[in-house]
Amino acid sequence: MGNWKLEVFKLGLYISFPVGLFYVFNQPKYFEEWVVKTRHELYPPIDEESRRHFKEVVTRRKRLQMEKELLKKLNEIEG
C-alpha cells in the first residue's frame, strides 16, 4: 500500500486526465470540422434532379389519392 502522497497523486491523475482530454478534444477547430463532415455524410446536399423527382412522386401520390376518394364518392352516390 502506498502512502498518502501516492494517493493524492492518483486522485489528481484521476481528476485531471478526463478534464485534460475534454479540453483537448473539444476545441472548436477539431469539433467544427468533425460536425461539418458528419453532417455532409448524414444529410448530403440536395441536387435539383432528386428534388424534381421527389416533387413528381408527391404530386402523383396526391393525384391517386384524390382519384380514389372521387371513385369512392361516386360509388356511394350510385349505390
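Predicted model: local features only at pLDDT ≥ 70, side-chain atom pairs only at ≥ 80, totals over all residues.
Begin by selecting R52: at 41% relative accessibility, this residue counts as partly exposed.

**Stop 1**

E49 counts as partly exposed because its relative accessibility is 45%, a value that lies between the 20% limit for buried and the 50% limit for exposed.

Through shared partners, the salt bridges join E49, R52 and E56 into one network. E56, at 33% relative accessibility, is likewise partly exposed.

**Stop 2: a pair in helix α1**

Move to K10 and E7. What links them? A salt bridge does, its closest N and O atoms being 3.6 Å apart. Because K10 and E7 are 3 residues apart in helix α1, about one helical turn separates them. K10 is partly exposed at 31% relative accessibility, and E7 is partly exposed at 40%. In total, the structure holds 3 salt bridges.

**Stop 3: the nonpolar patch**

Remain in helix α1, residues 4–25, and select Y14, which is found there. With a relative accessibility of 58%, Y14 counts as exposed. Now extend the selection to L6, F9, L11, L13, I15, F17, V19, L21, Y23, V24 and F25; together with Y14, these residues make a nonpolar surface patch of about 1300 Å².

**Stop 4: the whole chain**

Clear the selection and display the complete chain. It has 3 helices and 0 strands, and its elements run α-α-α from the N terminus on. The radius of gyration is 31 Å, well over the 12 Å that the globule rule gives for 79 residues, so the chain is more spread out than a compact globule. Along the principal axes, the C-alpha atoms fill a box of roughly 95 × 35 × 15 Å.

The accessible surface comes to about 8200 Å², and 66% of it belongs to carbon and sulfur atoms. Finally, colour by charge: the mean positions of the 15 positive and 12 negative charges are 4 Å apart.

Note on methods
Residues numbered from 1 in each chain as written. Heavy atoms only, no water. Patch = residues over 30% accessible without salt bridge, like charges linked within 9 Å, V, L, I, M, F, W, Y side chains within 5 Å. Areas by Shrake-Rupley, 256 points an atom, 1.4 Å probe, with all protein chains shown as cover. Salt bridge = Lys/Arg side-chain N within 4 Å of Asp/Glu carboxyl O. Helix = DSSP H or I, 4+ residues; strand = E, 2+ residues; numbered from the N terminus. Buried < 20%, exposed > 50% of the residue type's maximum accessible area, 1.4 Å probe, protein only. Rg over C-alpha atoms; globule rule 2.2 N^0.38 Å. Lys, Arg positive; Asp, Glu negative; His and termini not counted. Charge placed at Lys NZ, Arg CZ, Asp CG, Glu CD.
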